[in-house]
Amino acid sequence: MDKRPSIRPFRDPAYSVPARGEPSHDPPWWSAVAATRAAFAENPGADSISVPLGDGPISVDARGGWCVPTEVPPEIAAQLDLYLPYCLPRPGGLCVAHIGQSLDGRIATENGESRWVTGEADLLHCHRMRALADAVMVGARTVRADNPQLTVRHCVGRNPIRIVIDPDLSLSDRHSVFCDGAALTVVVAAQEHANSRGEMHGSEVLGVPRVGRTLDVAAIRSALGERGVSIVFIEGGGITISRFVDAGCVDRLQITIAPIIIGSGRPGIVLEGVRPLDCALRPRIRRFNLGGDTLFDCEFDA
């Protein structure tokens with residue numbers, strides 16, 4: 001039996017783990033975004049902060065508005081509009097999910113091939129979102145199929161905590177999240193497994209109740225919030241993201257659509273039950289270009 005306290009932080013007050021090495025050629029606007037995230041993380045009660053942007057400052061208020069003393073090019077303004085909302089203090093926490101898919105709504109082929117449906121710009125976007133998040137989350141199937149590192153490598157930033165949902169502790173120790181030492185990994189499992197096993201491959205096991213054959217995703221989000229994890233970025237797979245959306249536990253859903261038609265394969269978002277059109281989810285939408293792809297930033301907490 002695990003006798004440790006049921007609520008304890010995963011880490012120190014720093015919101016994430018320093019990444020190993022720093023990639024070059026990050027644009028000045030990204031340095032301003034990263035500085036904004038760090039400033040609000042250090043001063044969550046601040047009404048506004050000011051950080052350098054090129055030769056001048058950018059002021060960002062706690063509601064997401066920003067201003068600069070001189071006009072910035074439209075392409076830079078679009079990047080600031082995309083990322084600055086994810087830098088703000090979130091007393092109730094924020095759960096963001098991202099999925100990349102084809103025009104016909106496929107995230108992989110029938111045999112599971114998914115690298116890469118979307119392009120390099122979307123890959124960079126995911127690394128930037130990891131850098132802004134406290135934790136990045138995936139399901140066990142994604143770990144088993146893709147062996148992701150879930151670290152920040154394509155931009156300057158800090159590695160988030162890696163959360164792996166593995167209800168029955170089925171993953172082996174060969175996966176990168178357990179053996180590369182790049183960032184803290186926490187495994188979310190069914191409560192009965194966590195009661196008998198406090199760690200897995202050197203990573204803490206966090207137990208939550210089951211709901212039928214799956215885990216209670218609302219309990220997952222609540223447990224992470226109790227540990228001080230404010231911004232969670234769910235990066236896959238489609239089943240995990242769909243369950244969080246279905247449970248109303250996703251505040252913002254990012255869908256990047258690539259201009260390809262796969263024709264068959266694994267679908268993206270699949271919700272339970274038969275839904276008439278008047279019960280369809282109708283989030284507030286922002287659109288951004290990511291190279292040749294289009295990102296739809298869907299807001300459910302508006």
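**Group meeting: contacts and burial in a predicted model**

I'll start with one cysteine. C179 is exposed, at a relative accessible area of 53%. The cut-offs here are under 20% relative accessible area for buried, over 50% for exposed, and partly exposed in between, with a 1.4 Å probe and protein chains only.

Two notes on method. This is a predicted model, in which local features need pLDDT of at least 70 and side-chain atom pairs count only at pLDDT 80 or more, whereas totals for chains, interfaces and linings use all residues. Residues are numbered from 1 along each chain as its sequence is written, and side-chain values use heavy atoms, leaving out hydrogens and water.

Staying with cysteines: how many disulfides does a search of the whole structure find? The search returns zero. C87 is in no disulfide, and the nearest cysteine sulfur, belonging to C155, is 12 Å away. For reference, a disulfide is a pair of cysteine sulfur atoms within 2.5 Å. C87 is buried, with 0% relative accessible area.

Next, the nonpolar cores. In general, nonpolar side chains in soluble globular proteins tend to be buried together. A core here is a set of buried Ala, Val, Leu, Ile, Met, Phe, Trp, Tyr and Cys residues joined through side-chain atoms within 4.5 Å. The largest one has 49 residues, and W30, V33, I58 and Y83 touch the most other members. Helix α1 gives the most to this core, with six residues. Apart from that core lies another, of 32 residues, among them A108, V186, I234 and I255.

What does V33 touch, not counting residues up to four places away in sequence? The list is L80, Y83, L84, C87 and L132. Contact means heavy atoms within 4.5 Å.

Helix α1 itself covers residues 28-42. Helices (H or I, at least four residues) and strands (E, at least two) are DSSP runs, numbered from the N terminus. The expected span of a helix is 1.5 Å times one less than its number of residues; for the 15 residues of α1 that should be 21 Å, and the end C-alpha atoms are 21 Å apart, which agrees. The buried residues of α1 are W29, W30, A32, V33, T36, R37, A39 and F40. They pack against β2 (48-53), β3 (56-61), α2 (74-83), α3 (120-132) and β15 (231-236).

Now the charged pairs. Side chains of opposite charge can pair when their charged atoms come close. A salt bridge is counted when a side-chain nitrogen of Lys or Arg is within 4 Å of a carboxyl oxygen of Asp or Glu. A search of the whole structure finds 13 of them.

One is D251 with R221, at 2.7 Å from N to O. D251 sits in the loop between α8 (238-246) and β16 (252-257) and R221 in helix α7 (residues 217-226), so this pair ties together parts 30 residues apart in sequence. D251 counts as buried at 13% relative accessibility, while R221 is partly exposed at 22%.

Another is R252 with E299, at 3.8 Å from N to O. Because R252 lies in strand β16 and E299 in strand β19 (residues 293-299), the parts tied together are 47 residues apart in sequence.

E299 also pairs with R284, the closest N and O atoms being 3.9 Å apart. R284 is in strand β18 (residues 284-290) and E299 in strand β19, so here the linked parts are 15 residues apart in sequence. Through salt bridges with shared partners, R252, R284, R286, D297 and E299 form one network. Within it, R284 is exposed at 55% relative accessible area, whereas E299 is buried at 16%. R252 is buried as well.

Last, two polar contacts. The term means a pair of N or O atoms within 3.5 Å; within protein, one must be able to donate a hydrogen and the other to accept it, and residues adjacent in sequence count only if both atoms are side-chain atoms.

The side chains of E235 and R130 are joined by such a contact of 2.6 Å. E235 is in strand β15. Leaving out residues up to four places away in sequence, E235 touches residues including H98, C126, R130 and I241.

The other involves S203, in strand β12 (residues 203-208). Is S203 buried or exposed? S203 is buried, at 5% relative accessible area. A polar atom of the S203 side chain lies 3.3 Å from the backbone oxygen of T185. Not counting residues up to four places away in sequence, S203 touches F178, T185, V187 and G198.
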